[in-house]
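Subject: Structure handover

Hello,

Here is the structure for you to open. My notes follow below it.

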Amino acid sequence: MLTAAKKPTAYLLCLLLVIGPLSTRSAFSDCDIATYYQSLAGNPANWNRSELQDLLETTHRNVLPYTDSSTGVDTWAALSDLDAGSSPGTVHLIYADIDFPVSPRGTSSTWNREHVWPQSRGVGGGGPDYTDVHHLRPSDANVNSARGNKHFSECGIVEDISECRTPAHLEATGTSADPSSFLPPASVRGDIARALFYMDVRYDGNDNGLDLVLTDCLDPNENNQLGYLSQLLKWHEEDPVDDAERTRNMKVCEAWQGNRNPFVDYPELASSIFGTPSPDPVGGNGYPCGLPNQGPDPDQPAYSDCDIATYYQSLVANPANWNRSELQDLLETTHRNVLPYTDSSTGVDTWAALSDLDAGSSPGTVHLIY
């Protein structure tokens, strides 16, 4: 059970002890949206995933220490600033949805640091992903344990509904859980989704870490995957970005890390990079694997020579005079990606292609030809 602690009598003393001297914190002056994204061209919906990842990595200019008792400038300090409660000397706990005293901390009866992308699912115990405050949040220690490394989902989709426990913990009344899934409060579901979209793009295997992957198609032999992408895409739409999330994103960049979460700044990026959710799953049967348009494989090449004028430039001007053999040769040589019929490991196959190419007029539908 959470227990209250006495607040320091002087708030300035609290800031110095918990956050550390402000002069020791890095300040980044190029964090306004227009300046930060100026290296990327055109409509954000058309941004190249690889170039976006490079921007997030190269501008991650301050990798915070997880704990630094000598200076106090660490992830404790960052979260005390970024997730400050409505009253001085408090932090807002993500799953319990309450304000709680900043100090004491780090015990079973106070608050700790929740890795929204769990350590055991790819983040590990060191490196920039471990201390990235775009996905670290203050959490009630007991609720954090109740979440554990569960995937994010509605209750009763992956497991039978009889396995659902509401709340997941008595100190977080807006939550539910079953043996493999955790449902956070409605007020933070979109925030969580966008933090995880960022993590998937930011961490691609550089930084001596793993390539973090959001998916509906979990492979039990992989330790870098987190689910469920379709659920997160729905939460992203249902709980849109608000001013508090925008403010936090700006402060992460300006005061702590130097990089932004583009899914907060440009919510439309979620569908252009990750695609659309799968059809509503059948309770207890899990998410349909391979059905959703979960976006192109980031390792799959993008073809920039597909406009009509460029594509046919090897053939003579008048199409009426084209040689059948030369036309056949063009079609064959430019067939550069032979899709697998079904690929349950990545979901990038003919199911995904048809879900994209023949999408219906409503989200999550396809148009049947006959």
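H151 sits in strand β5. Strands (E, at least two residues) and helices (H or I, at least four) are DSSP runs, numbered from the N terminus. This is a predicted model: local features need pLDDT of at least 70, side-chain atom pairs count only at pLDDT 80 or more, and totals for chains, interfaces and linings use all residues. Residues are numbered from 1 along each chain as its sequence is written, and side-chain values use heavy atoms, with hydrogens and water left out.

Back to H151. Its relative accessible area is 6%, so H151 is buried (buried means under 20% relative accessible area, exposed over 50%, partly exposed in between; 1.4 Å probe, protein chains only). A polar atom of the H151 side chain lies 3.0 Å from the backbone nitrogen of G227. Beyond neighbours within four places in sequence, H151 has contacts that include R121, S180, F182, L218 and Y228 (contact means heavy atoms within 4.5 Å).

Eight of the 10 residues of α7 are buried. Among them are L229, L232, L233 and W235.

Now the α6 and α7 pair. Helix α6 (residues 189-202) packs on helix α7 (residues 229-238) at about 125°, with the axes 8 Å apart. That angle makes α6 oblique to α7. Angles under 35 degrees count as roughly parallel, over 145 as roughly antiparallel, 65 to 115 as roughly perpendicular, and the rest as oblique. Axes are lines fitted to C-alpha atoms, for helices over the stretch in contact, and angles run from 0 to 180 degrees between N-to-C directions. From α6, R189, G190, A193, R194, L196 and F197 meet L229, L232, L233, W235 and H236 of α7.

Helix α4 (residues 75-82) is largely enclosed by the rest of the structure, because eight of its eight residues are buried. They include W76, L79 and D81. At the start of α4, a side-chain oxygen of D74 comes to within 3.1 Å of the backbone nitrogen of W76.

Finally, the whole chain. It has 13 helices and nine strands. Of its 370 residues, 47% count as buried. Among contacts with a separation of 6 or more, 65% come from residues 24 or more positions apart.

Best wishes

Definitions and conventions
A polar contact is a pair of N or O atoms within 3.5 Å; within protein, one must be able to donate a hydrogen and the other to accept it, and residues adjacent in sequence count only if both atoms are side-chain atoms.
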